[in-house]
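Open the model in your viewer and keep the selection tool at hand. The stops below go from the whole chain to single side chains.

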Amino acid sequence: AEMDIESRGGPLRLDIRELDLELGPAFINGDNELFRRGHVVGQLGFAPFVPRENKGLRMLPFLEIDALLDLDVHSLGFINLFTANLGNLVIDGAGLVQGPLRYSQGYMLAGTDLTARARDLAVRINEMDVNGQGVVRIHTPREADKPLGLDVDYDTLEITRDGDTAPFLAGDSLRLRYKASNYVVPDPDMDFQKLLNDERARERRKNNTLRFEIKQAQVLDMSLLNDYLPAQAPLRFTGGTASLEADVFAGVRKIEGFLELVSTDLQLRAGEQDLEGNLSADVVLSGGEPRSFKVDLDGSTLTLDEVVVAGEANTFDEDQWSAVFHLDRAQTTLRQPIQISADYRLLMSDTRPAVAFFDNQKDPPAWFSSLLTLRDVEGEGSIETGEERIVIPHSLVLRDKADIAAKAEFSPSGRKGVLYARYKKLDLVLKMDAKKNNIDVIRARKKFDAYRTPAQIESRP
């Protein structure tokens, strides 16, 4: 080995050309345990640096190591020393760490292939904790320094959100594949948000990719999805479970993949009415801008069937009823709550659930029940959601002798809008204003056509 010290308090250089160590417990920055025991064979050194000015993590830009590791660690937290530039992600757990590690002054080098097998693998990403049994692998190509890969494979897992006391998702298989720049030591004075906006960091991230796969997972409580809906949403999840599968690929400038969600015990509430049924969501991620959290869902479909609508005047219970929403255009912003702008087509086996909703209002006309005879109906519509309101500027279900249409807005000031129904030459309009509804049969179509939602009025030039 060689070691140079220019002066007290001056630069230090260390070069250990032949390293063979049996290790006992080791700590960094006081309480952070690196490992409890292990074996390291290889080379270790530091480029010239001033120790008093570069303590703890600030030493990493000067570290050089080319060694074979075999460590039994109480905490996998030390892996984060080498993944700090991979994003808002933290790894922890306990287990066995093995493999070659080749690193020089902030960069992972060709031939790195470090595997950690964890009994209690913990990964924190985007305000969620993933816990279970699994394997973490950090690697580079054999003959090239980049890209740096981070693989996380769970055999069993639970995912819990910040602030929740119980997991919302449990499953048997989760795979994360992250590829990024082999530079792994960002400025320690930069928080995550600054890293997102730093020009040099953005340049290093331009080829970053993330792929995650979920198989055989279960959403344990569908009511948690309400946290991602606007507070004024007319439909709320009240219970149920769902199976989930997903395969998503994201780069800096594109995102693609799918999610499949299936629930056979879904519970919902619409206004004063409780609903139960089955839900199948085939979500297509067709594009978007991941850096802005924008995702296109063009081509996605939602299928609802075996619906029960229970109200004061009418109960609908028919296991053959179904409705399919096909999103021709759908743009979402993945914030809380989720924002969406979409155009959709609707296919319903019949209009019975809609009739049940009208019948639960006061004094509907006798002819209205004739709409029950409509079968295989088609419709179209659009929806816009913001942080504080949901706007349905247009929605229409059509048959030759009947129409059902809607215009509505849901905001902190209440629910406002109109629902229109026609059967042959008879029609009505249901006016909604905050908590008060009333039916009008005089010039119903004219009143419906003339109605504008508050958002439409605001957008007029």
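Colour by secondary structure: the chain has 5 helices and 29 strands, where helices (H or I, at least four residues) and strands (E, at least two) are DSSP runs numbered from the N terminus. This is a predicted model, in which local features need pLDDT of at least 70, side-chain atom pairs count only at pLDDT 80 or more, and totals for chains, interfaces and linings use all residues. Residues are numbered from 1 along each chain as its sequence is written, and side-chain values use heavy atoms, with hydrogens and water left out.

Stay with the whole chain and show its surface. Of the 461 residues, 43% are buried (buried means under 20% relative accessible area, exposed over 50%, partly exposed in between; 1.4 Å probe, protein chains only). Contacts (heavy atoms within 4.5 Å) between residues at least 6 apart in sequence join residues at least 24 apart in 54% of cases.

Next, select L76, I91 and L121. These residues have the most contacts inside the largest nonpolar core, which has 73 residues; such a core is a set of buried Ala, Val, Leu, Ile, Met, Phe, Trp, Tyr and Cys residues joined through side-chain atoms within 4.5 Å. Leaving aside neighbours within four places in sequence, L76 touches I91, D92, G93, A94, V97, A116, A118 and L121. A second, separate core has 10 residues, including V248, V295, A330 and Y344.

Now select R161, in strand β12 (residues 148-161). Is R161 buried or exposed? R161 counts as buried because its relative accessibility is 10%. Its side chain makes polar contacts with the side chains of D227, at 2.7 Å, and Y228, at 3.2 Å. A polar contact is a pair of N or O atoms within 3.5 Å; within protein, one must be able to donate a hydrogen and the other to accept it, and residues adjacent in sequence count only if both atoms are side-chain atoms.

Move to S181, in the loop between β13 (169-180) and α1 (192-197). At 13% relative accessibility, S181 is also buried. A polar atom of the S181 side chain lies 3.0 Å from the backbone nitrogen of Y183.

Finish at L334, in the loop between β22 (315-333) and β23 (339-350). L334 is partly exposed, at 44% relative accessible area.
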